[in-house]
Amino acid sequence: MQTIDELKNIHKEIINDFEDITRDLPILLKSSFEYTSEVCFMYINSTHLIFDAILNAVNSENYYSINILYRSLTEHFLRFNFYFFNFALNGKSDSYSHKFRTALEFNDKFLILKSKNSIETNLKIKKNAQDLKDELYRSNSNYAQYDLQELDVIARDLSIKNIISFTEKHIDNKEFDSGGLLKEIIVQYSKLSSYVHGGILAHREHIYFATENKIVKNMTVILGSSIITLTSIKLQTLMILSETNPEYLKVYFKISSNIYKLQA
């Protein structure tokens, strides 16, 4: 097992290898893969922000927070992985990426409206879910590119519950999970729920590791898994964007070699 410092150095190498792709982002956002690039880099950016917080928690040996953050990181990865495979199934089309990000936005806004409506005390008759969806649908001309029912179906598909079901259904397919990463993440996602939602198992585990002086060892494991998880998003992005520039595959193989170091 690598040390925490060794893991940090491997991560820095991966960041440096990916730097050329990051510099290409303004060009990619004006290419035929405009929305695809936006979705990919949205997840690259958000997972990096989570990882930075994991690093800060590692430095302060805040093991409880590390688990909460890692759980969030795995959820981001599962959703991006769902996007990655459905992008391929839908003909590797930028139009699918536009539909995906539109449905994400629609669902986020709907959930906020639904929450506000449920606590509204001034309404004599509260709006039902369909009324809220109709109202939201009419509020943005961007949504009108799709049928409301179509947006609603995609939004429901993007729920984490559905994404986990989708992942479990395909997990034995070696092309879907060649390295066994998804099996590990699905188990960890469920286990770490206790940390996020105030469960007793998280409390007991944290006390046990602290008492047995196992905090550093387990932090090291999570840090390594975190690097593999966010780097997997980079690798999937490189596979997608190689459709616009085959040279990106060279970066893919270079970064893959660093992933092998982590898995050794």
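This is a predicted model: local features need pLDDT of at least 70, side-chain atom pairs count only at pLDDT 80 or more; totals for chains, interfaces and linings use all residues.

Reply: Residue classes first: Ala, Val, Leu, Ile, Met, Phe, Trp, Tyr, Cys and Pro count as nonpolar, Asp, Glu, Lys and Arg as charged, and the others, Gly among them, as polar. By class, six nonpolar, three polar and seven charged residues line the second largest pocket. A pocket here is an open set of points on a 1 Å grid over the protein atoms alone, where a 1.4 Å probe fits, with protein on both sides within 12 Å along at least five of seven lines; lining residues have an atom within 4 Å of a point.

Me: Which residues lie nearest the centre of the second largest pocket?

Reply: M42, Y43, R79, L104 and D108, out of 16 lining residues. Elements giving two or more residues to that lining are α3 (34–59), α4 (63–89) and α5 (94–119). The largest share, six residues, is from α4. Helices are DSSP runs (H or I, at least four residues), strands likewise (E, at least two), numbered from the N terminus.

Me: How many helices and strands in the chain?

Reply: 13 helices and zero strands. Buried residues (under 20% relative accessible area, 1.4 Å probe, protein chains only) make up 45% of the 264 residues.

Me: Switching to rings. How many aromatic pairs?

Reply: The count is 16. Rings of Phe, Tyr and Trp (its six-membered ring) pair if their centres lie within 6.5 Å; planes under 30 degrees apart are stacked, over 60 edge-to-face, the rest tilted. Y63 and Y195 have ring centres 6.4 Å apart and planes at 85°, so that pair is edge-to-face.

Me: Where do Y63 and Y195 sit?

Reply: Y63 is in helix α4 and Y195 in helix α10 (residues 193–196), 132 residues apart. Both are buried.

Me: What about Y83 and F87?

Reply: Their ring centres are 5.8 Å apart with planes at 40°, so the pair is tilted. Y83 and F87 are both buried. Ring pairs also link them with F33, Y43, F80, Y96 and F100 in a cluster.

Me: Which charge lies over the face of F110?

Reply: K133, at 5.1 Å from the ring centre. The rule needs NZ of Lys or CZ of Arg within 6 Å of the ring centre and within 35 degrees of the ring normal. K234 sits over F18 at 5.9 Å.

Note on methods: Residues are numbered from 1 along each chain as its sequence is written. Side-chain values use heavy atoms; hydrogens and water are left out. Buried means under 20% relative accessible area, exposed over 50%, partly exposed in between (1.4 Å probe, protein chains only).
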